[in-house]
Every structure is written in structure tokens, then in C-alpha cells.
Amino acid sequence: MAASLKKAGMFIYRAAALLTAAGLLLFSASCGEKGAEPYGGQDYVMGTLMTQTIYGGNEELAKKATSEIRVMEAAISNKFNTSEVSKISALAGSGGVESKYFDIYKLAVDVSVKSGGAFDITIAPVVDLWGIGTPDARVPSREEIEGLLPFVDYGFVKLEDGTVSLTKEGAALDLGSIGKGAAADLALSVYRDAGISSAIVAVGGSIGVLGGKPGGAPFIIGVRDPKGGGNDYLGTLALKDISVSTSGSYERFVEKEGVRYHHILDPKTGYPADSGLVSVTVVHENGALCDALSTACFVLGLEKGVKLLDGYGANGIFIDKEDKVFVTKGIQSNFELKDGLGYELVKIE
Amino acid sequence: MAAGRRKGLINGVLGMKRKTNTIALIRLSDIIIIIVLAAVSFSFLFLRTSGNEGLVAAVLVGKEEVYSFDLEKIEEPVVLPLESEGIKLSIRVEKGKIRFESSECPDKICVNTGWLVSKGDTAVCLPARAAIVVSGRKKLDAITG
């Protein structure tokens, strides 16, 4: 009797042990399935490289995102003579164009107003004059720059019933500092519509994050080290459901007589902004806003930049010329500074 | 005797106290089965990902992949010429790393990017529409800047 009970008990334990092992086998196999390769792809849009990583996605979905972005690019890029932005500029002083992307212009003007003109989409004539990032890049004379400044003023942009116009002849639009963020937003909305809950898209340095990684971990985004190469980062941000954009003076520039002139121009002076910063990263749900705010903050400098972000409920990382890394309150727990690079972390209260 | 001690040790590890004269609730053979099954199941996991363990670099011109390298398997440095959009470039590949060595493009962002050494690293020459993308070891999901 006692022996048969023991036997029964032994059987139960052996069965349990085998089931556990079988369970482990299934679990590990399913883990492999879940972590299974996300769809990843690269393409050129908005004058930069776009990298898509879509968990549970496929090539078709990535292509859909790319083609929608190309449609948007064909409208809001001033690189094409046929774009609506080029038409708006050509019609400056005489008429306007109805736009499907009205909200982007609206957001751009809102940031222009709130930043007191540190961000300004009418900077186009001055940007074209410098030509930084093109084969025709050069340092223009002061006279040339000053001759164009009267055409730079966001007050010339008129937004009415979905129609965008410029009130001054000779004024022109450049949405280059908001377009990549808007493109990342568009990609995320394509994924969302397809029922995707986990993806990350990078349009140049503008990153859009949908959800977290499968399993719930946040995506890890490196913040570029201004003193390093294109793949060097000084710290990481662990984030979910958010957008991130960075404006830095380190990448595009033109050199003359040993002096570097970077590509982020101050709309007030027509010269590269010199606010003591080398890079600003902005974190907010809206990617286009991140893109515009990072430029605005770079031009404004640390103090005014932080205030501007506050007004939008956005967060940021400001890196100055003294290698100080200022991080706003809302993302301090998400940010990790790498050791040994010589940067000093300063938490903004 | 030695087998008895081993059993006692195993049960001790499992936190089970028992008298030495009763029958083992979990036998040594069960433990072995569990370990073997666990090892087999984890090896599946390992085999699934081991294809990504090496460092693979793809050289893209436009959307087309023109070269692909397993960077761990490069023994001698290789320099490859490339021409795209009328711009001449060269790519240098060494064990575990790859970079744009030279380019006729105006801004040289591609060359200044330096060596690519881990997964997710990319170097782009926009004027030539050429890119090097490294996949394999995971480090970051994206870089902003």
C-alpha cells in the first residue's frame, strides 16, 4: 500500500519533470519565433537614408510607407521645381496653393512664432545662397547675406482654409528642418493603420518609435557624439511610443580659411547660429515638432531652448561647446551617458 | 555509496529533504532528461540567432546590394572601387570592420563617418546614393544626430 503510494508519487513527479522540460522546449521555440526577424529595409527619402525596422511587418508595408513619404516629399521639398512648396514660392506675392500637408505648415509657423523666429521656414533664400551640403557650397559675402534678409520673415506665410501663400514677392519656403520628422510620423501612421504595434523608423537623424520591442522592452536610441563619427554616440535614450530628432553643427558645413561654417543658419543674421551649443536632441510624441524644435533650440541656446520645450511639453538634451550634456527633467531616467568620453551630465531641474 | 551521496546532493540542491531510505521523488535520470531537453531547446534558440552572430556588411547603391561581406571572415584588407552618380568612391574592408576610404563627393560625410564596427552602423554617401549597412551584433536600434 505504502509502496504503491510512493510509486504514484514518483510517477507524478517524473511526469511533472518531463512536462516542465517539454514546456521549456516549446517556450524557447516560441521565443525564437517572437523575437523573429523584424522586417528591415533601407531607402533614400528626403535627401537622406531611411531605415525601417517593423516587427511583424513585411516588405510590402515598408514599401507603402516609403511611397507615401515620397508623395509627401514631392509636395514639400523645394528640391523639385514641380513641388507645391516651389509653386508657393513662385507665386509669392500673388497667390497660394491648397495643400494636403497644411498641418505641417501650421506647425512650422507655430514653432516660428513661439521661438520668436529662431525657427523660420522662409529661410530658403539664405540657405540656397550658402548651399551647404551641395557641390556649390561657399561662404557668401556679408552684402549678399544682408541683401536677402529682408525676404526672411515667417510673418510672410499666410495660412487660410487649407491654402498656403507667401505675401512677399521674392520670399521662398524651405521645410528641410521639419520634413524628416514629418516623414517619420507618416511612416508610423502607415504601420499603425496596418495593425503593427512595434516598429522604429529613422529618417536621417529623425527617429519615430511605435510601441516598444516585442516583449515590452523600450527601443534604445543612441545620441550622436558630436566629436565622434556617424556611428559614435555619447549616450542612450530608452524610449517607447515617441519621436526623437537632433540638430547638430558637426555634420554639414563649409570651410573657408580654416573656419568652419555649419548648416544651421540663424534666420536673424543669415549666418550659422552661434549659441554655444553643438547639438540639441528633442523628444516628443510629434516627430515633425521634434524636428522643428531641435533647430529652434539650437539657434536659441540652452536657456531659451529649455523654455521653448517646456511650452510644448517636450524634452531635450543640449550639448554645449564645453562638453556639458544638459538633460531636461522628463527624460532624465531614460538617458544614460557613456563613461570615458569626457562629457559631463547636468540634470536640469 | 557514491551514488547515494550524489542523489542526496541533487535533492539538497532541489531543496527537498528526505530520508535516505525512501525512494527518490526525482531521480537522477529525470534531472538528466530535463538538462538534455533544456539544452536541446536552448540550442534551438541559439541556432536561430547564430546566423546573425557574425557581422555582415552590405554595400548598397540606390536600393541595390552590390557587395556583401561577412566581416569576421575577412583575413586580408580589401579595397573596392565603386562608381555611382558619376562619383568615384572606394570602400575598405578589414577583419571586423568596413568604411568608405575615399570619395569624390563634396562633403565627405561618408569618409568622415569612419569605421563601421557593429550592428546598425551605417555610412552614407548621399551624393553617390551609396551606403554601407552593417547587420549582426545588436547594439542600438537607431542613432539620432
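A crossing of two helices is right-handed if the near helix is turned clockwise from the far one by less than a right angle, and left-handed if anticlockwise. The views below show a predicted model.

**View 1. Helices α8 and α9 of chain A.** The axes of α8(A) and helix α9 (residues 302–312) of chain A come within 7 Å and cross at roughly 155°. Angles over 145 degrees count as roughly antiparallel, so α8(A) is roughly antiparallel to α9(A). The crossing of α8(A) and α9(A) is right-handed. On the α8(A) side the contact is made by Leu289(A), Leu293(A), Ala296(A), Cys297(A) and Leu300(A). On the α9(A) side it is made by Leu302(A), Lys304(A), Gly305(A), Leu308(A), Leu309(A) and Tyr312(A).

**View 2. Helices α7 and α8 of chain A.** Two packed helices are described by the angle between their axes and the distance between the axes. For helix α7 (residues 176–193) and helix α8 (residues 287–300) of chain A, the axes come within 6 Å and the angle is roughly 155°. This makes α7(A) roughly antiparallel to α8(A). The crossing of α7(A) and α8(A) is right-handed. Which residues make the contact between α7(A) and α8(A)? From α7(A) they are Ser177(A), Ile178(A), Gly179(A), Lys180(A), Gly181(A), Ala182(A) and Asp185(A). From α8(A) they are Gly287(A), Ala288(A), Asp291(A), Ala292(A) and Thr295(A).

**View 3. Helix α7 of chain A and its surroundings.** The end C-alpha atoms of α7(A) are 26 Å apart, in agreement with the 26 Å that its 18 residues should span at 1.5 Å a residue. Buried residues in α7(A) include Ile178(A), Gly179(A), Gly181(A) and Ala182(A), which also belong to the contact with α8(A). Ala183(A), Ala184(A), Leu186(A), Ala187(A), Leu188(A), Val190(A) and Tyr191(A) of α7(A) are buried as well. The buried residues of α7(A) pack against the helices α2 (59–76), α4 and α8 of chain A. They also pack against the strands β2, β6 (199–203) and β7 (206–210) of chain A. Just after α7(A) comes Gly195(A), with a positive phi of about 85°.

**View 4. Helix α4 of chain A.** Helix α4 (residues 102–114) of chain A has 13 residues, which at 1.5 Å a residue should span 18 Å. Its end C-alpha atoms are 18 Å apart, which agrees. What is buried in α4(A)? The buried residues are Phe102(A), Ile104(A), Tyr105(A), Leu107(A), Ala108(A), Val109(A), Val111(A) and Ser112(A). Gly116(A) follows α4(A) and has a positive phi, near 65°. α4(A) is also one of the elements against which the buried residues of α7(A) pack.

**View 5. Met46 of chain A in the loop between β1 and β2.** Most residues other than glycine have a negative phi. Met46(A) is not a glycine, yet its phi is positive, at about 50°. Met46(A) lies in the loop between β1 (39–45) and β2 (48–54) of chain A. Is Met46(A) buried or exposed? Met46(A) has a relative accessible area of 14%; the limit for buried is under 20%, so Met46(A) counts as buried.

**View 6. Glu85 of chain B in the loop between β3 and β4.** Glu85(B) also has a positive phi of about 50° although it is not a glycine. The residue sits in the loop between β3 (78–84) and β4 (87–94) of chain B.

**View 7. Glu146 and Val126 of chain A.** Glu146(A) is in helix α6 (residues 142–148) of chain A. With a relative accessible area of 44%, Glu146(A) is partly exposed. Glu146(A) and Val126(A) are 20 residues apart in sequence, and their C-alpha atoms are 9.3 Å apart in space.

**View 8. The two chains that hold these sites.** Chain A has 9 helices and 17 strands, and 52% of its 349 residues are buried. Chain B has 3 helices and 8 strands, and 38% of its 145 residues count as buried. The elements of chain B run α-α-β-β-β-β-β-α-β-β-β from the N terminus on. In chain A, residues 24 or more positions apart account for 58% of the contacts with a separation of 6 or more. In chain B, 30% of the contacts between residues at least 6 apart in sequence join residues at least 24 apart. The accessible surface comes to about 15,700 Å² for chain A, 53% of it belonging to carbon and sulfur atoms. For chain B the accessible surface comes to about 8,200 Å², 59% of it belonging to carbon and sulfur atoms.

Conventions. Residues are numbered from 1 along each chain as its sequence is written. Chains are lettered from A and ligands numbered from 1 in the order in which they are written. This is a predicted model: local features need pLDDT of at least 70, side-chain atom pairs count only at pLDDT 80 or more; totals for chains, interfaces and linings use all residues. Side-chain values use heavy atoms; hydrogens and water are left out. Helices (H or I, at least four residues) and strands (E, at least two) are DSSP runs, numbered from the N terminus. Buried means under 20% relative accessible area, exposed over 50%, partly exposed in between (1.4 Å probe, protein chains only). Contact means heavy atoms within 4.5 Å. Accessible areas come from the Shrake-Rupley method with a 1.4 Å probe; for residues, only the protein chains shown count as cover. The expected span of a helix is 1.5 Å times one less than its number of residues. Axes are lines fitted to C-alpha atoms, for helices over the stretch in contact, and angles run from 0 to 180 degrees between N-to-C directions. Angles under 35 degrees count as roughly parallel, over 145 as roughly antiparallel, 65 to 115 as roughly perpendicular and the rest as oblique.
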